[in-house]
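Me: I'd like to learn how to read a protein model, one feature at a time. Could you walk me through this one?

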Amino acid sequence: MSVEKGTLDGKVIIITGGGTGLGRSMAFRLAEEGADIVVAARRLPPLEETAAGVRERGGKALVVPTDVTDTAQVNSLIEKTLAEMGKIDVLINNAGIVRGERPKFMWEISEQDWRIGIDVNLSSAFYCSRAVSKYFADRKGGNIIMVASGEGFRGQRNSFMYNTAKAGVVNLTRVMALTLAEYNIRVNCIVPGFVDTYEYQPEEYQKVMAERRATRKLFVPVGHTGKPDDIGYVAVFLCSDASDYVTAGCFISDGGGLAGGFATTGYAPVVSLKEGLA
Amino acid sequence: MTAKAFLLKGKVALVAGDSKLWTKPVAAALAGAYADIAIAAKSSPKLTEAVEAVREETGRKAIAIPTDVTNPTQVQGAVHQVIAEYGRIDILVNAGDIHFFQPFVEIKSAEWDKVMDYNFNSALNFCRATGKQMLEQKNGRIINIVSGLAERGMANGSAYCVAMGGVLQLTRALALEWALQGITVNAIGTGWFTEPGNPIDERLARYIPVRRYGEPEEIGSLVVYLASDVTEFTTGQLMYVDGGLMAHA
């Protein structure tokens, strides 16, 4: 790889939920390729840390505290970015939550629970994409990257809003890609499997996730959960010119999870032909 | 009990392929919905047993056609025999399913070929031989029984996965090719089922959302449904009977 010139030199990339986990990894890996980064999430301290990391890597960084479920704040994120950075090349809709709290019984889920779950994980991606779409269309060029989850392709007990919203993200990707293709706007979707993203999260959340980790390994054919960089580099590919002809695609990085799932990981029967013949 | 709308009165069904699991319950289910039955599989006491069970339990006509299902000429002969006996073939169920799981690099060519022969070429041969008759009739139902491993990978399952994936793609391609000829081609996807002489693996049973293996008889009602007249708009599809297996991670 060339070290003189990054493949993303001068590109301005907005990452929602850019303070922690996957968002932070994307920010750093993109900055290392020369991109300037705008991070937008609710909590300021993690955003500042990410921005500092981007600057250390030689990129410009802008922090815009944003609740991505609030359309006014989303619109102002786009305006502020254009005012400060002069342009936008890529929007990465990374914001989302996997709540560490105990799942509720279906009959205990309130309308508010439902709306929050769908808003944060699905509607926010639509709001941000909508806010930037006119700008991208007028400019005859743009790149939107969605972040779904392997859960968007499968069911999971008690995971109502998350799995439903992520399935929505997958199909929203396709609808936007087809709709916006004529404006030279590409829309693709990154699909992480089980990735440990809790290192910057509150302690309580970390505890719950660490407990889940052992079970999760059972569903990952490579035998271990992923790390944020396993996703960060997918973002580098999708942000770069290397993917110019790629749109409406799902880019799955899940340790083989979605390729399997017919049996627990590690299950490898040995049956000879003699036994097998009817 | 089969709903009236799904009954197969006056229809002729050919259950084809070598399988420990599916032949007998599929034939019994079709006969239970009043279809007349022919079973083409290799000559064995199991074949005789399956045909006799149909006759005894349902009172329908049933003939056994001992066939090397991997041999196209013999398969053609078997189909001719069904037509000679019953005058037509309305339903073909490809039930071929032999199990073979080995590390990929240790599989001998002869073993690989055999898995392809019994799990894929058998379906291919019967689709070809029966398809001609169905095209003449301008009517037909083909149901291919596959495993969820047609869509998923599994360690040591290379040969099996490839063969099953082949049958699934054959299903989709033929569905389109014959869509205007009154022939529907669909697949039934299966998960983990109990097998005579094979103990249940509790770890796998816990992995299945309904927490148990299926009984082979449990695919019968979907076979009947897909074989019936009401499904003429359903083609090229894969439907699972798997206790929820394919829905979760």
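Me: What covers the buried residues of helix 7 of chain A?

Reply: Some ground rules come before that. This is a predicted model, in which local features need pLDDT of at least 70 and side-chain atom pairs count only at pLDDT 80 or more, while totals for chains, interfaces and linings use all residues. Residues are numbered from 1 along each chain as its sequence is written, and chains are lettered from A and ligands numbered from 1 in the order in which they are written.

Helices (H or I, at least four residues) and strands (E, at least two) are DSSP runs numbered from the N terminus. A residue is buried if 20 or more other C-beta atoms lie within 10 Å of its own, exposed if 12 or fewer, and partly exposed in between, with C-beta atoms placed from the backbone. Two residues touch, or are in contact, if those C-beta atoms lie within 7 Å. Now your helix: the cover includes strand 1 (12-16), helix 1 (21-32), strand 4 (90-93), strand 5 (142-147), strand 6 and strand 7 (250-253) of chain A. Among the buried residues of helix 7 are Ile231(A), Val234(A) and Leu238(A).

Me: Which residues touch the most other members of the largest nonpolar core?

Reply: A nonpolar core is a set of buried Ala, Val, Leu, Ile, Met, Phe, Trp, Tyr and Cys residues joined through C-beta atoms within 7 Å. Here the largest has 81 residues, and Leu30(B), Ile37(B), Ile39(B), Val93(B) and Val223(B) touch the most other members. Helix 4 (residues 109-137) of chain B gives the most to this core, 9 residues. Apart from it there's another core, of 70 residues, including Ile37(A) and Tyr127(A).

Me: In what order do the strands of the open sheet in chain B come?

Reply: In general, strands of a sheet pair through backbone hydrogen bonds, either parallel or antiparallel. For counting, two strands pair if DSSP finds at least two bridges between them. This open sheet has 7 strands in the order 3-2-1-4-5-6-7, with parallel pairing. Its edges are strand 3 (62-66) and strand 7 (238-241) of chain B, each pairing on one side only. For one pair up close, take strand 5 (residues 140-147) and strand 6 (residues 183-190) of chain B, joined by 8 bridges.

Me: Where is Tyr183(A) found?

Reply: Look in the loop between helix 5 (160-180) and strand 6 (185-192) of chain A. Tyr183(A) counts as partly exposed because it has 15 C-beta neighbours inside 10 Å. Leaving out residues up to four places away in sequence, Tyr183(A) touches Phe136(A), Ala137(A) and Lys140(A).

Me: Why does Asn158(A) count as exposed?

Reply: Because Asn158(A) has 12 other C-beta atoms within 10 Å. Asn158(A) also has a positive phi of about 65 degrees, although it is not a glycine. You'll find Asn158(A) in the loop between strand 5 and helix 5 of chain A.
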